[in-house]
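This report describes selected features of one protein chain.

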Amino acid sequence: ILLAFSLFMACEEVPVDIPDISNNPQDTMGTVQKKVLLEELTGVSCPNCPAGTAALESILTVFGKRVVSNAIHGKFLAQPTSSNIYDFRNPDAEDLENYLAPFLGKPAAVIDRVLFDGQDFRTVDNIGLWQSLVQQQLNEQAIIAIEMDQSYDENTRRADIDVTVTALEDIQGNIKLSVLVNENGIIDAQSNQTEIIASYEHNHVMRDMLSSIQGDLIFTDISAGEVISRSYSYTVPNQNINEWIPENMDIISFITASERDNQVLQAEAVPMIE
């Protein structure tokens with residue numbers, strides 16, 4: 001009977017367990033948790049990109065704030081359609097897209113800027129792999145910590161950002177800090193296979209880099225316990241009633257290391273207005 005029951009159970013569909021990942025950057029023991037940067041290469045003229053965005057939103061649902069996302073509307077398939085009100089392209093997004101290239105098409109994702117086994121490029125255009133690669137990176141131990149404090153003046157529309165970086169272990173090579181702003185909740189058109197979705201919600205849209213495209217050098221050959229801070233400011237443009245809304249904007253920072261193939265060691269995101 002036991003054997004028959006075992007065989008029966010083997011034929012049953014087994015549900016996929018969702019990993020128990022805390023959204024808190026520190027676990028109950030106070031250890032800094034690794035966060036993952038997912039850079040989505042997308043565009044309003046890309047008919048397959050809504051599927052990529054859906055995969056990204058699913059990842060954010062599973063892993064929450066432990067995944068930091070940035071949607072890059074560079075040049076390729078990012079030109080506005082005849083139905084678009086806005087143009088999400090900007091020089092920083094184009095430069096960043098070129099820096100992350102080559103890639104075969106969109107949608108594609110760069111996950112912690114890692115060249116994974118079996119992949120030809122850092123850009124992964126198989127959306128079915130994104131979640132497992134994110135999980136792989138979340139299993140890594142954090143070796144550096146980022147804290148951000150920000151303030152926003154509604155009269156001047158200026159945000160002041162202080163970024164504090166702490167090494168948790170010795171790290172060789174050049175350590176660079178990248179800081180950018182993006183925006184959520186923008187309603188505009190999006191190509192989708194044979195139609196154009198008129199009222200599509202665009203999230204994580206990259207607006208500006210506050211650092212250089214490849215990051216600002218802040219450390220060289222750092223030791224565990226070393227701390228350094230950098231300050232940035234950003235004035236939100238006052239244009240277009242339905243975009244450039246500070247309440248919808250996030251500030252993102254992340255750290256890369258030259259001796260680790262310029263991979264992202266840690267990422268963080270905070271809302272522009274708490």
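Ser 45 touches Leu 77, Gln 79, Pro 80, Thr 81, Gln 190 and Ser 191, when residues up to four places away in sequence are not counted; contact here means heavy atoms within 4.5 Å. The model is a predicted one, in which local features need pLDDT of at least 70 and side-chain atom pairs count only at pLDDT 80 or more, whereas totals for chains, interfaces and linings use all residues. Residues are numbered from 1 along each chain as its sequence is written, and side-chain values use heavy atoms, with hydrogens and water left out.

Ser 45 is located in the loop between S1 and H2. Helices (H or I, at least four residues) and strands (E, at least two) are DSSP runs, numbered from the N terminus. With a relative accessible area of 15%, Ser 45 is buried; buried means under 20% relative accessible area, exposed over 50%, and partly exposed in between (1.4 Å probe, protein chains only). The side chain of Ser 45 also reaches the backbone oxygen of Gln 79 at 2.4 Å.

**The chain as a whole**

The chain has four helices and 14 strands, and 48% of its 274 residues count as buried. Among contacts between residues at least 6 apart in sequence, 69% join residues at least 24 apart.

**Helices H2 and H4**

Two packed helices are described by the angle between their axes and the distance between the axes. For H2 (residues 49–63) and H4 (residues 130–138), the angle is about 35 degrees and the axes are 10 Å apart. From H2, the residues Gly 52, Ala 55, Leu 56, Ser 58, Ile 59, Val 62 and Phe 63 meet Trp 130, Gln 131, Val 134, Gln 135 and Leu 138 of H4. By class, this contact of H2 with H4 has eight nonpolar, four polar and no charged residues.

The buried residues of H4 are Trp 130, Leu 133, Val 134, Gln 135, Gln 137 and Leu 138. Their cover includes S1, H2, S2, S3 and S4.

**Helix H3**

In H3 (residues 91–100), Asp 92, Ala 93, Leu 96, Glu 97 and Leu 100 are buried. These residues lie on the same side of H3 because they cover an arc of only 135 degrees around the axis. They pack against the strands S1 (36–41), S2 (67–72), S3 (108–111), S4 (123–124) and S10 (205–209).

The N-terminal end of H3 is capped by Asn 90, with a side-chain oxygen 3.1 Å from the backbone nitrogen of Asp 92. Pro 91 lies in H3 and, at 61% relative accessibility, counts as exposed. Between Pro 91 and Lys 75, which are 16 residues apart in sequence, the C-alpha to C-alpha distance is 9.0 Å.

**Backbone geometry in the loops**

| Residues joined | Omega |
|---|---|
| Ala 101 and Pro 102 | about 10 degrees |
| Lys 106 and Pro 107 | about 5 degrees |

Pro 102 is in the loop between H3 and S3, and Pro 107 lies in the loop between H3 and S3.

Leu 77, one of the residues touched by Ser 45, is in the loop between S2 and H3. Its phi is near 60 degrees, a positive value in a residue other than glycine, and at 24% relative accessibility Leu 77 counts as partly exposed. Asp 112, in the loop between S3 and S4, has a positive phi near 55 degrees, and is likewise a residue other than glycine. Asp 112 is buried, with a relative accessible area of 0%.

Conventions:
Axes are lines fitted to C-alpha atoms, for helices over the stretch in contact, and angles run from 0 to 180 degrees between N-to-C directions. Ala, Val, Leu, Ile, Met, Phe, Trp, Tyr, Cys and Pro count as nonpolar, Asp, Glu, Lys and Arg as charged, and the others, Gly among them, as polar. The arc is that of the directions from the helix axis to the C-beta atoms. A polar contact is a pair of N or O atoms within 3.5 Å; within protein, one must be able to donate a hydrogen and the other to accept it, and residues adjacent in sequence count only if both atoms are side-chain atoms.
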